[in-house]
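Grab a pencil and open the viewer. Try each exercise yourself before you read the worked solution.

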Amino acid sequence: MPAFTPEEAVEQFGDTVFRAAFGLVKNPQDAEDIAQEVFLNLVRHAPRFDSAEHQKAWLLRCTINRCKSHFRSAWVRRSAPLDEHLSTPFTPAENTVLDAVAALPMKYRQVIYLHYIEGYSTAEIAALLDSKQNTVLSQLSRGRALLKDTLKGDF
Amino acid sequence: MPDSQDYKSAMDKVTAGQRWKQATLEKMQAETGAQNASRPRRTIPFGRRAIPLATAAAICLLVIPAAARSLTSVSGGATAADQASPRVATRQMPESSADAANGAVPFALAAAPEATMAEAPQDTAAAPAYTTVESTSPEAALPAEARPAEEADGLDAALDQLDEILAAEGEGRTRSDVLASGLVEGDCFVFVLAGDSETSYRLYQVPCAQ
């Protein structure tokens with residue numbers, strides 16, 4: 001499938017980008033700002049894409065990089081984390097698992113998100129994050145182990 | 001106990017609101033308008049990149065005079081070798097007016113072959129066929145947009161070209177020294193070879209043979 005125009009991309013990948021940002025920062029307001037900045041970058045840089053899948057991967061990579069910058073900013077370090085959720089109610093079990101994932105270090109959280117939510121294989125995650133597949137495998141394994149430990153169950 | 005299914009169902013509930021999408025589209029339109037209003041930066045395409053015209057002009061101002069100087073010294077200028085040996089550069093007058101009429105060059109400047117050969121390698125060494133990239137791994141040294149090249153058409157021809165380039169460098173490298181490869185936009189193969197240090201890599205760009 002060919003790549004979308006930036007305006008079409010908002011419609012097609014808006015949820016994906018916002019969800020990724022929310023999954024990594026767990027704050028809807030910050031996620032909205034990050035996702036918006038990602039789409040503005042799409043307009044500013046106008047990269048060429050081979051396909052819609054390539055465009056989606058670029059948007060996700062851009063989102064992850066933005067989230068990392070967000071955590072490095074002084075404002076985030078000084079501010080207390082806001083306990084805000086979306087209007088859609090989460091079940092207690094969902095809240096527990098979201099909190100557990102949010103407590104993971106960023107390097108584990110991003111591979112957990114890309115594997116479980118976006119359904120990428122470890123090879124695809126390695127390509128997307130510009131990393132080695134073995135590194136992704138070990139990060140996924142350690143992230144899972146930490147979640148199992150926190151949730152006292154299977155993941 | 002909560003598990004990955006709860007994680008998936010929780011994230012499925014997360015969607016970007018219509019209000020956010022509308023605001024984003026408006027900001028994107030404003031950004032596009034601002035870009036169109038500002039004077040576009042003129043660029044020259046170079047591989048998959050676009051070099052600003054001012055940068056290209058600066059390079060030309062430095063490179064062209066240097067190239068012209070080196071060409072002059074090879075093909076007829078008065079070099080140090082010329083001055084040392086009168087045999088190297090001699091002005092030959094046409095034997096007769098008939099020679100001149102037949103197209104003989106009135107003042108042919110003959111450069112000695114050995115002098116030309118001595119100068120030539122310096123010219124090729126001045127322009128390496130690769131770009132040096134500092135990176136943590138060969139894969140990371142590839143351009144960000146590079147796609148896998150393993151099954152691309154023309155890979156063998158590109159590797160043949162790479163072998164020729166490497167042979168010309170004379171460092172004994174071949175295609176077997178390639179650490180990573182990729183295909184970039186503009187139909188060019190890129191090959192990564194080890195550089196001069198552990199974190200330095202050489203990036204060779206070879207156009208696809210059509």
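Predicted model: local features only at pLDDT ≥ 70, side-chain atom pairs only at ≥ 80, totals over all residues.

**Exercise 1.** Describe the contact between chain B and chain A: how many residues take part, and how much area is buried?

*Solution.* 
- Step 1: Start by counting. On chain B, 30 residues are in contact with 42 residues of chain A.
- Step 2: Now for the area. The size of an interface is often given as the accessible area lost when the parts come together. Here chain B and chain A bury about 3500 Å² between them, and 63% of that is on carbon and sulfur atoms.
- Step 3: Look for charged pairs and polar contacts. There are six salt bridges between chain B and chain A, and 13 residue pairs are in polar contact across the interface.
- Step 4: Ask where chain B's side comes from. Helix 1 (4–12), helix 2 (18–37) and helix 7 (138–141) of chain B each supply at least two residues, with helix 2 giving the largest share, eleven residues.
- Step 5: Sort that side of chain B by class, and you get twelve nonpolar, seven polar and eleven charged residues.

**Exercise 2.** Find the partner of B:K21 in a salt bridge with chain A, then find the network that B:K21 belongs to.

*Solution.* 
- Step 1: The side chain of B:K21 meets that of A:E11 in a salt bridge, at 3.6 Å from N to O.
- Step 2: Widen the view: A:E11, A:D15 and B:K21 are linked in a network of salt bridges.

**Exercise 3.** Which residues form salt bridges with B:R175, and where do they lie?

*Solution.* 
- Step 1: One partner is B:D160, with the closest N and O atoms 2.4 Å apart. B:D160 lies in helix 8 (residues 155–169) of chain B and B:R175 in the loop between helix 8 and strand 6 (180–184), so this pair ties together parts 15 residues apart in sequence.
- Step 2: Another is B:D163, at 2.8 Å from N to O. B:D163 is also in helix 8 of chain B, twelve residues from B:R175.
- Step 3: B:R175 is partly exposed at 31% relative accessibility, as are B:D160 at 39% and B:D163 at 23%.

**Exercise 4.** Buried or partly exposed: how do you class B:R202 and B:E169, two salt bridge partners?

*Solution.* 
- Step 1: Locate the pair. B:R202 is in strand 8 (residues 200–207) of chain B and B:E169 is in helix 8, 33 residues apart. Their closest N and O atoms are 3.8 Å apart.
- Step 2: Apply the cut-off: buried means under 20% relative accessible area. B:R202 has 5%, so B:R202 is buried. B:E169 has 23%, so B:E169 is partly exposed.

Note on methods. Residues numbered from 1 in each chain as written. Chains lettered and ligands numbered in written order. Heavy atoms only, no water. Contact = heavy atoms within 4.5 Å. Buried area = accessible area lost by both parts, 1.4 Å probe. Salt bridge = Lys/Arg side-chain N within 4 Å of Asp/Glu carboxyl O. Polar contact = N/O pair within 3.5 Å; in protein donor to acceptor, adjacent residues only side chain to side chain. Helix = DSSP H or I, 4+ residues; strand = E, 2+ residues; numbered from the N terminus. Nonpolar A, V, L, I, M, F, W, Y, C, P; charged D, E, K, R; others polar. Buried < 20%, exposed > 50% of the residue type's maximum accessible area, 1.4 Å probe, protein only.
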